[in-house]
Amino acid sequence: MIPELGHFSLILALAVALVQGTLPLLGAARGDDRLMALGRSAALTQAFLVLLAFGALTQAYVTSDFSVANVVANSHSAKPLLYKISGVWGNHEGSMLLWALILALFGAAVALFGANLPDTLRSRVLAIQALIGVGFLAFLLFTSNPFERVFPAPADGNGLNPLLQDPGLAFHPPLLYLGYVGFSVTYAFAIAALLEGRVDAAWARWVRPWALAAWCFLTLGIALGSWWAYYILGWGGFWFWDPVENASLMPWLAGTALLHSAIVVEKRDALKSWTVLLAILAFSLSLLGTFLVRSGVLTSVHAFAQDPARGLFILAFLLAVTGGGLALYAWRAPQLQGGGLFQPVSREGALILNNLLLCTLAATVLLGTLYPLFLDLLTGNKVSVGPPFFNATFVPICAPLFAALCVGPFLGWKRAELGPALLRLRVAFLVSVVAAVVALTVIDSRKTLAALAFGFGVWLVVGSLMSLADRIRTGTLRTIPRATLGMVVAHAALGIVVLGSVATSSWNVELMQVMKPGDRISFAGYDVRLDRVEELQGPNYIAERATLSVGVGGKPYTILQPERRLFTVQRRQISETAIQTNLLRDFYATLGEGDARQGWVIRLYLNPLAPWIWLGAALCALGGFISLSDRRLRIGAPSRRPLAQPAE
Amino acid sequence: MTPKRRRLWLLLGSLGVLGVAAALVLTALNDNLVFFYSPTQVEQKLAEKHLGPDRRFRLGGLVETGSVQKDGQTVRFTVTDTVKTVKVVYRGLLPDLFREGQGVIAEGSLGPDGVFVAREVLAKHDENYMPPEVAKAIKDAGQWKERK
């Protein structure tokens with residue numbers, strides 16, 4: 001009964017979305033207040049209905065209702081409650097429902113918090129949101145209905161993919177989707193602005209919080225996914241340039257560019273049409289990511305859907321959103337008049353450089369990700385574009401970006417001198433050169449590039465903090481605007497991420513050894529002993545657990561217990577790594593296959609500064625949230641300047 | 001500075017950055033493209049002299065049943081597309097889903113003795129999952145059976 005209720009409310013939500021996607025648009029064009037007012041209530045109703053559907057599916061999962069096909073395929077009664085809940089979005093249908101839910105919630109949020117928006121703009125934004133919603137709800141109902149029943153109901157389900165039964169991954173999809181879908185709001189704002197024919201400082205101020213929020217969630221989502229890969233895959237790496245990782249990185253890069261160019265629109269009334277274009281591209285890349293991941297064209301853990309109809313639907317939808325957006329852009333963007341003039345050396349110039357480099361990075365990733373697809377289509381050759389490609393293209397383009405990143409905030413708007421800005425950064429420059437030299441001489445004299453990259457990381461951290469130095473000297477640190485503080489935190493945090501990734505990937509130590517209980521080895525100055533390997537019983541798995549005692553200088557230091565789990569329902573084995581961290585390095589151990597007679601394969605890693613990668617990413621998102629809390633974005637409803645000429 | 005000159009500046013700057021990026025991308029693609037071959041294709045490419053001993057590529061197919069031999073950390077197995085086979089040697093931890101009779105993708109290069117030295121054996125994340133490249137290789141060999 002409850003699954004039918006969910007199915008029914010999903011159908012109703014589609015109907016409401018159709019109304020919300022058309023009538024307010026009409027109202028905005030005609031200046032009809034009643035039709036425009038419909039947008040708000042429809043957005044709230046739609047969110048409520050999708051929430052109801054999502055609740056119904058969650059209920060089916062929690063109570064293990066095996067008459068629902070989706071639950072049978074992805075859940076099991078012996079699964080812990082957390083994974084019953086996360087199982088809701090651990091599959092194709094459920095994850096699309098989660099997407100639709102977040103989309104509807106963002107729509108409702110615009111309806112609730114958009115009281116200071118002009119009526120026409122708000123109703124257009126809500127209508128565009130609803131049209132995107134129509135696409136996703138139709139996709140759910142016609143190709144991937146999560147509420148489909150099976151008869152007769154089986155006694156138990158197939159269980160969730162064990163790799164996904166992990167706290168890190170339970171929250172990875174919701175965070176990632178909050179990011180992806182958040183860019184739907186900026187997309188809707190961009191389309192609405194094109195329909196209205198005006199983009200001004202007020203528009204940028206309304207858009208920026210949404211872009212910022214989406215960006216923060218996307219940052220967290222990507223970081224969580226990378227952290228998960230680090231500790232579950234057991235290879236000691238944190239980023240594999242897997243197409244699916246790239247799919248989330250592209251909208252992140254475009255979104256980061258959008259955040260920065262929106263500042264120029266807000267402060268200087270320039271870069272308008274570029275910002276609108278970025279908003280369209282950021283969401284298009286989010287959809288492209290969804291298409292790549294969900295359609296099964298790529299080989300990946302996320303590719304649940306192997307059904308060509310689904311891939312075709314998403315592709316058609318992607319074309320409609322991107323193509324429609326770009327066509328409207330081509331038609332209307334020339335009307336957007338650029339405002340303030342500026343010199344190449346200025347804050348605006350620096351932000352343009354930032355945009356140029358970020359977009360080049362996104363294009364590089366896009367090319368590397370899609371190249372195998374195109375080559376396969378054109379020639380039938382199967383190729384893979386792996387980390388070497390990205391290391392050779394992505395990393396060099398990062399260098400000028402990082403170099404300029406610290407200088408930009410010291411440049412004034414409109415026109416500036418490079419000399420004084422560089423002079424204020426001399427301490428940061430000296431510190432980073434010293435850091436690079438120390439890295440080269442003390443850590444590893446063969447890895448020049450790693451030392452250089454390490455220097456860049458230090459430059460980012462110290463250079464970003466330098467803008468606080470002046471405030472400390474003049475005693476104005478307390479009055480620093482939240483937006484500025486957020487920027488400093490996020491920029492410095494990026495440096496921390498760079499330091500962590502450079503150190504881990506360049507200077508880690510690894511050792512693989514077959515060990516029997518009682519064996520000892522010495523590893524990077526530590527003395528490691530395999531005490532025992534025992535069997536244990538988990539809630540839905542049986543495991544082999546090794547106990548490694550680690551000593552240093554004859555004294556016991558720590559105990560590591562890596563496991564191999566065999567999930568009984570799926571007959572699948574998963575390694576559970578053991579990680580001991582002191583925030584400066586990770587001591588990382590995995591247990592491979594083996595038995596008492598031959599011994600077990602043990603793999604040990606010492607990953608310097610590895611925790612900084614995720615710490616830095618979390619700080620980066622925190623910087624975004626600090627900036628989001630700036631009161632300028634919340635109060636003081638910005639007023640629009642009167643238009644020079646009517647829009648339509 | 002006039003708007004016109006500013007635009008020129010911008011254009012030149014963008015072209016410069018894009019040019020550098022394009023150069024990087026092209027060289028990187030040239031050097032780092034890793035082709036995927038099935039055992040049948042490996043034999044073809046060897047016959048056509050397209051495959052030197054140092055050429056890195058991905059080998060995909062099924063792990064032949066009964067072929068896996070473990071000796072400490074070194075594993076030897078045979079990859080088959082049900083028509084041709086290639087012997088593989090790998091030193092390292094195998095992914096959790098490595099099984100006889102299952103699909104596998106190994107990245108590495110052929111040794112002088114014709115044995116494929118794998119530097120990486122790729123983990124697949126689902127037991128029912130067949131890498132599309134592997135499925136295609138088996139289909140091309142005409143041995144594909146639909147399973148349900």
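Trainee: What should I know about the numbering and the model?

Mentor: Residues are numbered from 1 along each chain as its sequence is written, and chains are lettered from A and ligands numbered from 1 in the order in which they are written. Because the model is predicted, local features need pLDDT of at least 70 and side-chain atom pairs count only at pLDDT 80 or more, while totals for chains, interfaces and linings use all residues.

Trainee: How many residues of chain B are in contact with chain A?

Mentor: Contact is counted when two C-beta atoms, placed from the backbone, lie within 7 Å; here 32 residues of chain B are in contact with 39 residues of chain A. Among the elements of chain B that each supply at least two residues are helix H1 (3–32) and strand E1 (33–37), and H1(B) gives the most, with 13; helices (H or I, at least four residues) and strands (E, at least two) are DSSP runs, numbered from the N terminus.

Trainee: Which strand of chain A is joined to E1(B)?

Mentor: Strands pair if DSSP finds at least two bridges between them; three bridges join E1(A) (residues 383–385) to E1(B), antiparallel, with Val383(A) opposite Phe35(B).

Trainee: Is strand E11 of chain A enclosed or open?

Mentor: A residue is buried if 20 or more other C-beta atoms lie within 10 Å of its own, exposed if 12 or fewer, and partly exposed in between, with C-beta atoms placed from the backbone. Eight of the 10 residues of E11(A) (599–608) are buried, so the strand is largely enclosed by the rest of the structure. Seven bridges join E2(A) to E11(A).
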